[in-house]
Amino acid sequence: MNVDEKDGSGVYQRVVLKNSSPYHYLKVCLVLEDELTRLSAVELKHFIITGLKNLYGEVGAALSFDLLKYDEDTLTALLRVYSRGLVKLWSSLTLLGSYQNQACAFRVLQVSPFLLALTGNSRELHLD
Amino acid sequence: MSVFMDLNLTFTEDKSVLQRMIETAAQLGFSTVAINYMFEPKAKKKPQIPAPTPITELMDQLPVVQGRSRPIRVLNRLTLVMSDSFHFRSTAPEYRCFDLLAVQPTTEKLFHAACMVYDIDIICVSVTERLPFFFKRAPVNGAIDRGVVFEVSYSAAIRDSTMRRYTIANAISLIECCKGKSVMVSSAAEKALELRGPYDVTNLSLLFGLSDKDCKEAVSSTCRSVLLHGETRKTASGIIYTVKSCSEASDQQEAPPQSETCEAPPSKKQKSSVTE
């Protein structure tokens, strides 16, 4: 990591990442068939770990990831995972298809090596 | 880079389910989808190929693709599940109603014929059972040279863990054989919740042993080349194209009416007479 700051303007800060970043951040949204079902953060994390275990076994379930933020009303979560575990976590989210015998789908909204990038979504802009 | 496509949404009689699927696909960022009509000829009676429902009948207003401010394009596709060689009739007029033509061969002989001879666009790889045969280099390379594309669908892998094993195993053995070229990954979804976003599919394709580049091509440029191949099927080697002038030009490709005499495009069989 190399942070270089211009003297006159302390407002702007340029961050250059020389090596590939250690973490990746995912913003995911769980879509359930029955829209009234609510999950707590613990249940959601357990559900994701079950998905990892189904696809990759015990070794996959040992992959460490964090649930940084979770909004129960919209079922939207922010996950942090080591970059080398990104493909595993993402593919297990993709293949999760049912939660307690009801169909579900994880919509991966954004993936970025920078947490700051998840503050806005360029795909929600309206192009004319 | 070419746009994302999902050339396999399973047709259901229920219109609202189909509409939900198309809406979800547009929301996820797919610019083109194809509605797939599965057809399995029976040995006894003369097979009746289903006629596609026109897109305009299906939906009045096509949803706008996310981030592109353009309506989604919907095509029709026919998949023949073949267990005998007479199931495929190369000159059948019913095939012309569809934009894309796919076969799912169940024996090695048919697989060979599909790769080398049949005038088709897509060869489906079975994902719900153990492969009934091994892929051989020669026919696979022949198919790649002819522009025929192999298709792996992932929604069976979402439904069931046994199917997931077969999907991954069959996909890996295909990709080992074709080295990642001409592979297309599509959903074969039956409902909206079985659809996944294009980047999810790209990431999922990594599990099938595709390289990063091939993964992205599997949902974008390979699909585009299939569409173009499908268009050349209706023309004389892609050189001459016949358009009916009486109907107004439409952006959506609709199914042409079945019984029409002027709607006979010069097929590849007539190539020699056309070029003379």
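**Entry 1: salt bridges**

I call it a salt bridge when a side-chain nitrogen of Lys or Arg lies within 4 Å of a carboxyl oxygen of Asp or Glu. The model is predicted, and I counted side-chain atom pairs only at pLDDT 80 or more. By this rule I get 7 salt bridges over all chains.

I looked up B:E108 to begin with. Its partner is B:K136, and the closest N and O atoms are 2.7 Å apart. I then checked where the two sit. B:E108 is in helix α3 (residues 108-116) of chain B, and B:K136 is in the loop between β5 (122-124) and α4 (137-146) of chain B, so the pair ties together parts 28 residues apart in sequence. B:E108 has a relative accessible area of 34%, which makes it partly exposed. B:K136, at 45%, is partly exposed too.

**Entry 2: a network in chain B**

Which residues are linked with B:R159 in a network of salt bridges? I found B:E190 and B:E194.

I took the pairs in turn. Between B:R159 and B:E190 the closest N and O atoms are 4.0 Å apart. This pair links distant parts of the chain: B:R159 belongs to helix α5 (residues 155-159) of chain B, B:E190 to the loop between β7 (183-186) and α7 of chain B, and 31 residues separate them. I read 42% relative accessibility for B:R159, so I noted this residue as partly exposed. B:E190 has 39% and is also partly exposed.

Next I turned to B:E194 with B:R159. Here the closest N and O atoms are 3.0 Å apart.

Is B:E194 buried or exposed? I had to recall that buried means under 20% relative accessible area. B:E194 has 6% relative accessibility, so this residue counts as buried.

**Entry 3: the contact between the chains**

I moved on to chain A and chain B. The contact takes 21 residues from chain A and 20 residues from chain B. The area buried between the two chains is about 1800 Å², and carbon and sulfur atoms give 61% of this area. How many salt bridges are there between chain A and chain B? I count 0.

**Entry 4: the second largest pocket**

The elements that give two or more residues to the lining come from both chains: β3 (23-32), α2 (86-94) and β7 (102-112) of chain A, with α1 (15-28) and α7 (198-205) of chain B.

Which element gives the most to this lining? I found α1(B), with 7 residues. By class, I sorted the lining of this pocket into 14 nonpolar, 7 polar and 9 charged residues.

**Entry 5: cavities**

My search of the whole structure finds 2 cavities of 30 Å³ or more. I looked up the second largest cavity, with a volume of about 50 Å³. Its lining includes B:P105, B:F111, B:I123, B:C124 and B:V125. B:S126, B:L131, B:F133 and B:F135 are also among the lining residues.

Technical notes: Residues numbered from 1 in each chain as written. Chains lettered and ligands numbered in written order. Predicted model: local features only at pLDDT ≥ 70, side-chain atom pairs only at ≥ 80, totals over all residues. Heavy atoms only, no water. Helix = DSSP H or I, 4+ residues; strand = E, 2+ residues; numbered from the N terminus. Nonpolar A, V, L, I, M, F, W, Y, C, P; charged D, E, K, R; others polar. Buried < 20%, exposed > 50% of the residue type's maximum accessible area, 1.4 Å probe, protein only. Contact = heavy atoms within 4.5 Å. Buried area = accessible area lost by both parts, 1.4 Å probe. 1 Å grid on protein atoms, 1.4 Å probe; cavity = no way out; pocket = protein on both sides within 12 Å on 5 of 7 lines; lining within 4 Å. Points joined across faces, edges and corners; volume = space filled by probe spheres on them.
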